[in-house]
Amino acid sequence: MTIGAEIIDAAHRIPVEHIINGRGIKLRGKIERLGPCPICGGTDRFSINTKKQLFNCRGCRKGGDVIALVQFLDGCDFREACAILTGETPSHSVERQAVECVSGIGDYERQQHDKAQRLWRGSKAAAGTPVENYLHWRLNGNAGQCRRR
Ligand SMILES: [Zn+2]
């Protein structure tokens, strides 16, 4: 599934400082804000630029826009980051685990569904088989008159 441009736009409209503040990450400065990296530590290796709406970590050698920032902080993929930014997925870590758990079940169900579909496609049509006789018998309710050959 591809992500709609409107979702990416909506995600980009979230300011990087909003994510930083929301995660309780303390940085110094106004436009160019520095501080310890939430991932690798240090004292001033992590920075965001509120004008350019970018982040950068010299320790992790990672940087980019707000979507990349969420990917960086949460270790999620682009699609998940967009979902978190647009509020489709709770960004709270505990809730996130719950979501991951649910999506795990989703995978299992999808597999079962695929399997069921394969079995269904692999099955033969009832016509011309004993199943047809059986269905005739059931549908017509002629319990005592099951057709025999
Ligand atoms: Zn880092």
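I began at the helix pair and noted that Val66, Ile67, Val70, Gln71 and Asp74 of α3 meet Phe78, Ala81, Cys82, Ile84 and Leu85 of α4, where a contact means that two C-beta atoms, placed from the backbone, lie within 7 Å. Sorted by class, this contact of α3 with α4 holds eight nonpolar, one polar and one charged residues; Ala, Val, Leu, Ile, Met, Phe, Trp, Tyr, Cys and Pro count as nonpolar, Asp, Glu, Lys and Arg as charged, and the others, Gly among them, as polar.

Before going further I wrote down that the model is predicted, that local features need pLDDT of at least 70 and side-chain atom pairs pLDDT 80 or more, and that totals for chains, interfaces and linings use all residues. Residues are numbered from 1 along each chain as its sequence is written.

**Helix geometry**

I looked up the axes of α3 (residues 66–74) and α4 (residues 78–85), which come within 9 Å and cross at roughly 105°; axes are lines fitted to C-alpha atoms, for helices over the stretch in contact, and angles run from 0 to 180 degrees between N-to-C directions. That makes α3 roughly perpendicular to α4, on a scale where angles under 35 degrees count as roughly parallel, over 145 as roughly antiparallel, 65 to 115 as roughly perpendicular and the rest as oblique.

Next I asked how many of the eight residues of α4 are buried. Six of the eight are, and α4 is mostly covered; a residue is buried if 20 or more other C-beta atoms lie within 10 Å of its own, exposed if 12 or fewer, and partly exposed in between. The buried residues in α4 are Glu80, Ala81, Cys82, Ala83, Ile84 and Leu85, and they pack against α1 (5–12) and α3. After α4 comes glycine 87, with a positive phi near 80°.

I then followed leucine 85, which, leaving aside its neighbours within four places in sequence, is in contact with Ala11, Ile14, Val66, Ile67 and Val70. Leucine 85 is also listed among the residues with the most contacts inside the largest nonpolar core, a group of 17 residues, along with Val16, Val66, Ile67, Leu69 and Val70. Such a core is a set of buried Ala, Val, Leu, Ile, Met, Phe, Trp, Tyr and Cys residues joined through C-beta atoms within 7 Å. Two or more residues each come to this core from α2 (16–22), α3 and α4, and α3 gives the most, with six residues.

**The sheet**

I turned to the strands and found four in an open sheet, ordered β1-β2-β3-β4 with antiparallel pairing; two strands pair if DSSP finds at least two bridges between them. The edges are held by β1 (32–37) and β4, each with a single partner strand, so one side of each is left without a neighbour in the sheet. From one strand to the next the twist averages 20°.

Going through the pairs, I noted that five bridges join β1 to β2, with cysteine 37 opposite glycine 41 in β2. Four bridges join β2 to β3, and here phenylalanine 46 stands opposite cysteine 57 in β3. The pairing of β3 with β4 rests on three bridges, and asparagine 56 has glycine 63 in β4 as its bridge partner.

**Turns with positive phi**

Which residue takes a positive phi in the hairpin of β2 and β3? I found glutamine 53 there, near 60°, in a hairpin with four residues between the strands. Glutamine 53 is not a glycine; its place is the loop between β2 (41–49) and β3 (54–57), and it is partly exposed, with 17 other C-beta atoms within 10 Å.

The hairpin of β3 and β4 has four residues between the strands, and arginine 61 in the turn has a positive phi of about 55°. Arginine 61 is not a glycine, and it lies in the loop between β3 and β4 (62–64). Is arginine 61 buried or exposed? It is exposed, with 8 other C-beta atoms within 10 Å.

**Whole chain**

Last, I recorded that the chain comes to six helices and four strands, where helices (H or I, at least four residues) and strands (E, at least two) are DSSP runs numbered from the N terminus. The elements run α-α-β-β-β-β-α-α-α-α from the N terminus on. Of the 149 residues, 17% count as buried, and among contacts between residues at least 6 apart in sequence, 28% join residues at least 24 apart.
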